[in-house]
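Subject: Structure for your files

Hello,

Here is the structure I said I would pass on. My notes on it follow below.

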Amino acid sequence: MDKIALITGSEGGIGSAITSQLVKDGFRVIAAYYTGCYEIALKIFNENEFTDKQVRLFEIDVTNTTECFEKLGALLEEEGHIDVVVNNAGITRDGLFKKMPAENWLDVINTNLNSVYNVTRPLFAAMCERKFGRVINISSVNGLKGQFGQANYSAAKAGMIGFSKALAAEGARDGVTVNVIAPGYTGTPMVEKMKPEVLESIVAQVPMKRLAKPEEIAKAISFLASEDAAYITGATLSVNGGLYMS
Ligand code: CAA
C-alpha cells in the first residue's frame with residue numbers, strides 16, 4: 001500500500017499504539033509529536049524498531065494555527081499526499097468547573113478541539129482532489145456522556161463529534177470519510193494520573209470491569225482507515241467496554 005497517515009499526539013499511549021498498528025497495516029506514518037517531546041518520540045521509534053521509511057517523526061504544536069498551516073503545507077509538498085489524518089492529540093486539566101481557571105479551559109479547548117481545525121484544514125482539500133481520504137478524530141466516552149470534573153474536556157470532545165458530522169457531509173462526494181472513535185478509559189499515562197480511588201470507582205462502573213488496552217483502540221482506527229470502511233462516514237464508534245451505550 002502506498003498510503004500515508006499523519007497521527008497527532010503520537011508520543012502518547014494511544015498515539016503510539018496507533019502508529020504501530022498503521023505501520024503493521026502498511027502505511028507510512030507521519031508521527032507528529034508536540035514541541036519538545038522529541039526524546040519520547042525517538043524512544044518509541046527505537047523501541048519499535050521502525051525504519052525511516054515506515055515512520056517519519058514530525059514536530060508540531062497543534063495549537064498554533066500559523067505553524068500548522070506552514071509545516072503541514074510543506075509536508076504535503078514533500079510527501080506528495082497525506083491519505084489519513086488521525087486527530088489524536090489531547091490533554092486533560094480536570095477540576096470542578098466552579099474552580100476552573102480560564103487557562104485550564106483554554107488549554108484543553110486549544111489542544112483537543114482547535115487543533116482539529118489547525119491540522120485538518122491544510123490537508124483536507126488535497127484529499128478531496130485525490131478522491132480518497134480518511135479523517136479520524138479521537139474523541140472520548142466523556143464527550144458523549146459528560147463527566148464530573150471535565151467540563152473543558154467533555155466540551156472539546158463533544159465538539160469533535162459535531163465537527164466530524166459536518167465535515168463528513170462535505171467530504172462524502174469525494175470519497176473522504178470523517179469519523180470519530182470514542183474510547184473509554186484506557187490504560188495510558190493520562191488515565192494513570194487520576195486519583196486511584198476515583199479511577200477504581202469508574203472501572204467498577206464499566207461492564208467489562210477493566211480499562212481498554214491502547215491496542216484495542218488502535219484496531220478500530222485501523223478499520224476506519226482501511227478501504228473496507230469506504231461507506232462509513234459521520235459515525236462515532238464507541239470502544240468503551242460498555243461504560244456508555246449511546
Ligand atoms: N458525581 C457527583 N458528585 C461527585 C462525583 C460524581 N461523579 N465525583 C465526585 N463528586 C463529589 C464528591 O463526592 C465531593 O463531594 P463532597 O464535597 O460533598 O465530599 C465533590 O464532588 C468533590 O469531589 P472530589 O473530592 O473528587 O474533588 P477534587 O477537587 O478532589 O477532585 C476531580 C475533582 C479531579 C475532578 C475528581 O473528581 C476527578 O478526578 N474526577 C474524575 C475526572 C475524570 O474522569 N477524568 C478522566 C481523565 S482520563 C480521560 O479523560 C480519558 C478519557 O477520555 C476517558
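Strands β2 (residues 28-33) and β3 (residues 55-59) run parallel and are joined by five bridges. Within this pairing, Tyr33 stands opposite Glu59 in β3. The two strands also belong to a right-handed β-α-β unit, in which the helix is α2 (residues 38-47). Please keep in mind that this is a predicted model.

The other part of my notes concerns the ligand. There are 18 residues around the ligand, and those that come nearest are Asp94, Ser140, Tyr153, Tyr185 and Lys195.

- Tyr153: 2.7 Å from an oxygen atom of the ligand
- Tyr185: 2.7 Å from an oxygen atom of the ligand
- Lys195: 2.6 Å from an oxygen atom of the ligand

How much of the ligand does the protein bury? The ligand taken alone exposes 1,100 Å², and the protein buries 56% of that area.

Which elements give two or more residues to the shell around the ligand? They are the helices α7 (189-192) and α8 (196-205).

As for the make-up of the shell, eight of its residues are nonpolar, eight are polar and two are charged.

Regards

Methods. Residues numbered from 1 in each chain as written. Predicted model: local features only at pLDDT ≥ 70, side-chain atom pairs only at ≥ 80, totals over all residues. Heavy atoms only, no water. Near = heavy atom within 4 Å. Polar contact = N/O pair within 3.5 Å; in protein donor to acceptor, adjacent residues only side chain to side chain. Areas by Shrake-Rupley, 256 points an atom, 1.4 Å probe, with all protein chains shown as cover. Helix = DSSP H or I, 4+ residues; strand = E, 2+ residues; numbered from the N terminus. Nonpolar A, V, L, I, M, F, W, Y, C, P; charged D, E, K, R; others polar. Pairing = 2+ DSSP bridges. Right-handed = clockwise from strand over helix to strand, strands pointing away.
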